[in-house]
Amino acid sequence: MARHVVRETGVVAEPGRCGHAGTVPAVPRPPSDVIVVGAGAAGLFAALTAAGEGGRVTLVSARPLAETASYWAQGGLAAALAVEDSPALHLEDTLTAGRGLVRRSAAEVLCEEAPARFADLEALGVRFDADRHGNLALGLEGGHGIRRVVHAGGSATGRRILRQLSADVVIQERIEVLEGRRVRALLAGADGRVRGVAGDDGRMLAGRAVVLATGGAAALWSRTTNPPGSYGSGVLLAHAAGAELADLEFVQFHPTAVAGIAGREGFLVSEAVRGEGATLHDAAGERFVDELAPRDAVARAIHRLLVKTSQPAVFLDMTAVDPARFPNVVAALREAGHDPATRRIPVSPASHYVMGGITSDLHGRSTVPGLYAVGECACTGLHGANRLASNSLSECFVFGRRAALASLDEPAPLPSEALSPPPSADLAPAPSRETRRAMWRDAGLERTAEGLRRLREDPHPLARLVAASALAREESRGAHARAEFPATDAALDGRHGVVPPGAATPTNVEWT
Ligand SMILES: Cc1cc2nc3c(=O)[nH]c(=O)nc-3n(C[C@H](O)[C@H](O)[C@H](O)COP(=O)(O)OP(=O)(O)OC[C@H]3O[C@@H](n4cnc5c(N)ncnc54)[C@H](O)[C@@H]3O)c2cc1C
């Protein structure tokens, strides 16, 4: 790969064409090479990588750091680090969890490169937990055949990693951080390549490429583990800019989100807790599911039990688990007056992670030149129909790095090149309370054609696309369950629901 000579690109916004004549400030000089949108794990790591290669980066983030899904991540990140482990074994578990829909090439990249990205994080100063012999402590989570999940501060992994990465970003002089700015549109140059963004403050930014790291969309559902900003804005911006989307019907519901404890509704109790021996019980105290089965199986078992018994929650027993191992989970519950060392915790499933998003290749490239997508907003196909626990943080670092490197190789814009004007409409509106309730009711753990048809009329554009994608997939597979089609259709193995630019419904496409 050619390595990047950083030059001043000389791109300017043309005030007369942007719809805010006379009010749009000129693009800062020197302009960036790369504009990274989003300051979660994927965005911070991509920004640091690009800057480390000599690139100039503008990092734009809508919300404060503590409101990213990355900051909330508990369990850790998966990497084949144990002596008895290997990328091939990690790949095997990833393929199994993904239920015949994993894009093998993407999963191979993840499993091969995760150990090196873990080493990068350590080199940056992230201190991962050690066991009492001083060796790296590896956790076991559902779907993993071996202990391979590294964590930091027990269940404070995301917080620890993000603190380190954001501290590094702040002192990196080639990164300009714009916090509290929401990107409301992507802007193309004269050649049709995406070269810039328009912010909600009227400011336009330009560079060689734009890397979207805007996170997932699980907060489109009313019961969720995600922060409120995770409603898929990047996915809608990319689609409006002509990018293809994929796999929108696949939404992971986490089995164990707190239910009915005031102040902690939806708070996630990490899968790692079950890896350390916590068990699930019905209202009569009986166990009813293999706690370490892949999370779609556990979540659906809970959902069906709750529907059958009309109970609001099942109970997670972590009394046999060392509280010191999960300090922030224990502290959060104790603060709410519920001690998990002595009492079972009421839990039920909540929307947690979207496998679908902006179609992207092994270097994070979307289908639109100049536009990249990494982290949860991207869909490389690596998770298939069901993400293997803790593969998503690894994905942020593996593909965040790849996209950063590739984006620096984009051609520099022509001198004085103008950008397309931003549209006046809000392309990625926040969902209303009604939309979020409708998503939970009609695109939840078990979907019906009737509910999905109703959801196709929802005012929110992403709700409609999810509904159309779920309606088109007439089978049950991984995280997607259709009441009328309870079986998996082998003819759909490897076939992804792809929403082409401008389309409202998906086309069925085989990915290799
Ligand atoms: C409670 C919880 C626990 C989890 N635990 C784990 C775990 O243990 N292991 C694991 O692998 N995964 C875990 N996950 C999933 C994982 O955290 C996420 O998939 C991952 O962190 C996503 O990172 P990201 O960088 O793509 O997005 P995020 O971390 O969500 O960051 C998105 C960023 O984009 C910004 N943004 C969004 N839209 C715009 C816009 N229009 N303009 C400007 N900025 C914008 C946001 O402000 C934010 O800065 C967990 C998720 C949750 C919610």
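**Close-up views of the predicted model**

View 1. Exposed means over 50% relative accessible area, buried under 20%, and partly exposed in between (1.4 Å probe, protein chains only). Helices (H or I, at least four residues) and strands (E, at least two) are DSSP runs, numbered from the N terminus. The structure is a predicted model in which local features need pLDDT of at least 70 and side-chain atom pairs count only at pLDDT 80 or more, while totals for chains, interfaces and linings use all residues. Residues are numbered from 1 along each chain as its sequence is written, and side-chain values use heavy atoms, with hydrogens and water left out.

Which residues of helix 5 are buried? They are Thr-157, Gly-158, Ile-161, Leu-162, Leu-165, Ser-166, Asp-168 and Val-169. These cover an arc of only 155° around the axis, which puts them on the same side of helix 5. The arc is that of the directions from the helix axis to the C-beta atoms. Helix 5 has 15 residues (157-171), which should span 21 Å at 1.5 Å a residue; the end C-alpha atoms are 22 Å apart, which agrees. The expected span is 1.5 Å times one less than the number of residues.

View 2. Five strands take the order 6-2-1-10-17, with parallel pairing. Strand 6 (175-179) and strand 17 stand at the edges with a single partner strand each, so one side of each is left without a neighbour in the sheet. From one strand to the next, the twist averages 20°. Helix 10 (residues 391-408) packs on the sheet and touches strand 1, strand 10 and strand 17; its direction makes about 170° with that of strand 17. Axes are lines fitted to C-alpha atoms, for helices over the stretch in contact; angles run from 0 to 180 degrees between N-to-C directions.

**View 3. Strand 10 and its partners.** Strand 10 (residues 209-212) is covered on both faces: Ala-209 and Val-211 are buried on one side, Val-210 and Leu-212 on the other. Strand 1 (residues 34-37) pairs with strand 10 in the parallel sense over 4 bridges. Two strands pair if DSSP finds at least two bridges between them. Ile-35 has Val-210 as its bridge partner in strand 10, and Val-37 has Leu-212. Strand 17 (residues 371-373) runs parallel to strand 10, joined by 3 bridges. There, the bridge partner of Val-210 is Leu-371.

**View 4. Two serines with positive phi.** Most residues other than glycine have a negative phi. Ser-310 has a positive phi of about 55°. It sits in the loop between helix 8 (295-309) and strand 14 (314-317). Phi of Ser-390 is near 70°; its place is the loop between strand 18 (378-379) and helix 10. Buried or exposed? Ser-310 is exposed, at 66% relative accessible area. Ser-390 is buried, at 6%.

**View 5. Around Thr-359.** Thr-359 lies in strand 16 (residues 357-359) and is buried, with a relative accessible area of 8%. Beyond its neighbours within four places in sequence, its contacts include Glu-244, Arg-365, Cys-379 and Trp-511. Contact means heavy atoms within 4.5 Å. Val-235 is 124 residues away along the chain; its C-alpha atom is 9.6 Å from that of Thr-359.

**View 6. Confidence.** The protein chain averages a pLDDT of 91, and 94% of the residues score at least 70. pLDDT is the predictor's confidence in each residue, from 0 to 100. Over residues 1-29 pLDDT stays under 50.
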